[in-house]
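Please keep the sequence and the structure in view while reading.

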Amino acid sequence: MMRRHLVFGLALFLATGIFAEHRLSEDRDLLDVDLSGWNCADKLEGTAKTPDGIERNRLKNRSAGELAGAKVQALDTIGFLKQLADFESQTKGKRRKDIAPAQRAQLDALEKQVVSLTGYLVIAYAGPPESTNCGNVDFHDWHLEVFEKPSDHAPQPGDPTPIICEITPRTQRAIYRDNIRVQSLAGFFRKPDLTYEPTGHKAQKIRATGYLLWDDEHNGTADVGTNVRTGGANHYHNPWRSTAWEIHPVVKLEPADGLARSTSLGQPTPAPVAVETPPPPPVVIPTATPKRFVTITQPVKIKIPYGETVLQRGTKWPIAAQDAQTVTVEYMGAKYVVPIASTDLAP
């Protein structure tokens, strides 16, 4: 009887372990995620224990605020792979703890670079629990598979492999508030059961901006290759990426095909109002004054440290200051002047 209980207990442990290992978020799109209740928010190393794991997680968890003054290099998928080809030829199959000093110096320089990758977002999905996010199912990365060309089907043997870009819990809110939805950009969405479903439209050409990262955990032939060899017993395509290099974290995501961004109701967004005036000196609001918000009624283009973005119609932003012609809003920790005529404060 005791043996029977032990066998049953072992089977239950294995079954629940397998379930836990494959449990994925049910999220269908980006969210206005609040990190205040997340016990991993201040742990940039996540739950990594090894020196290389801690280093890699800290790189993955960089924030948009660190990009002030950064020079952004624009690349397409071919240019991305070409730029990193020399490093990859020297480090094939290696991990960051194994590389030579000269390669280490090259790696350090590359991982400081901010790039903007243009390609087609064929597949998007919620990433699995990872040590970088303390193994949390709900606070997860978003994986974007970016290809040189669009595709009318999910990956099959013989198809080219993508470049991986990842949005993290720390960068998701700003991208969401920029009115970006992966379902409106991706051609296919991978569900928690690892099957693919079409989104109902073609893969859109996108531009993903963020830090270069060498995810050396995936620097092997099982993961990296120019073409898919098999569908994989686990429903993943293998190899599933063209390089161990990623854009991670993505701090900005935008359409790049010249089409007007659509609202959730499918109506085209009016042309943005260009704002060239630099932001004024910070205005201190007394702590006793309740924070007010303004709603954007016409899209407004603003210059930010790593390029430009658009404050979309219908979004709300805290007010820092206001006069007869303009209102100063708070966006990603900084203050920007927008025409009052583009807000619900217009007379």
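Which residues line the largest cavity? The lining consists of L24, S25, D27, Y125, A126, F189, R190, K191 and P192. A cavity is a set of points, on a 1 Å grid over the protein atoms alone, where a 1.4 Å probe fits but cannot get out, and lining residues have an atom within 4 Å of a point. The model is a predicted one, in which local features need pLDDT of at least 70 and side-chain atom pairs count only at pLDDT 80 or more, while totals for chains, interfaces and linings use all residues. Residues are numbered from 1 along each chain as its sequence is written, and side-chain values use heavy atoms, with hydrogens and water left out.

The largest cavity has a volume of about 60 Å³, a volume being the space filled by probe spheres set on grid points that are joined across faces, edges and corners. Strands β2 (114-126) and β5 (188-190) each supply at least two residues of this lining; strands (E, at least two residues) and helices (H or I, at least four) are DSSP runs numbered from the N terminus. By class, the cavity lining has five nonpolar, one polar and three charged residues. Here Ala, Val, Leu, Ile, Met, Phe, Trp, Tyr, Cys and Pro count as nonpolar, Asp, Glu, Lys and Arg as charged, and the others, Gly among them, as polar.

Apart from neighbours within four places in sequence, T199 is in contact (heavy atoms within 4.5 Å) with Q183, A186, G187, F188 and F189. The side chains of T199 and H201 are joined by a polar contact of 3.3 Å. Such a contact is a pair of N or O atoms within 3.5 Å; within protein, one must be able to donate a hydrogen and the other to accept it, and residues adjacent in sequence count only if both atoms are side-chain atoms.

The largest pocket holds about 600 Å³ of space. A pocket is an open set of grid points with protein on both sides within 12 Å along at least five of seven lines. Of its 30 lining residues, P128, E130, H218, Y236 and W240 lie nearest the centre. Helix α2 (51-60) is one of the contributors of at least two residues, and its four residues form the largest share of the lining. The pocket lining divides into eight nonpolar, eleven polar and eleven charged residues.

After α5 comes N179, with a positive phi near 65°.

Most residues other than glycine have a negative phi, and most peptide bonds are trans. C134, in the loop between β2 and β3, has a positive phi of about 60° and is partly exposed, with a relative accessible area of 21%. L194, in the loop between β5 and β6, has a phi near 70° and is buried, with a relative accessible area of 10%. The peptide bond from H248 to P249 is cis, with omega near 10°, and P249 is found in strand β8.

Definitions and conventions
Buried < 20%, exposed > 50% of the residue type's maximum accessible area, 1.4 Å probe, protein only.
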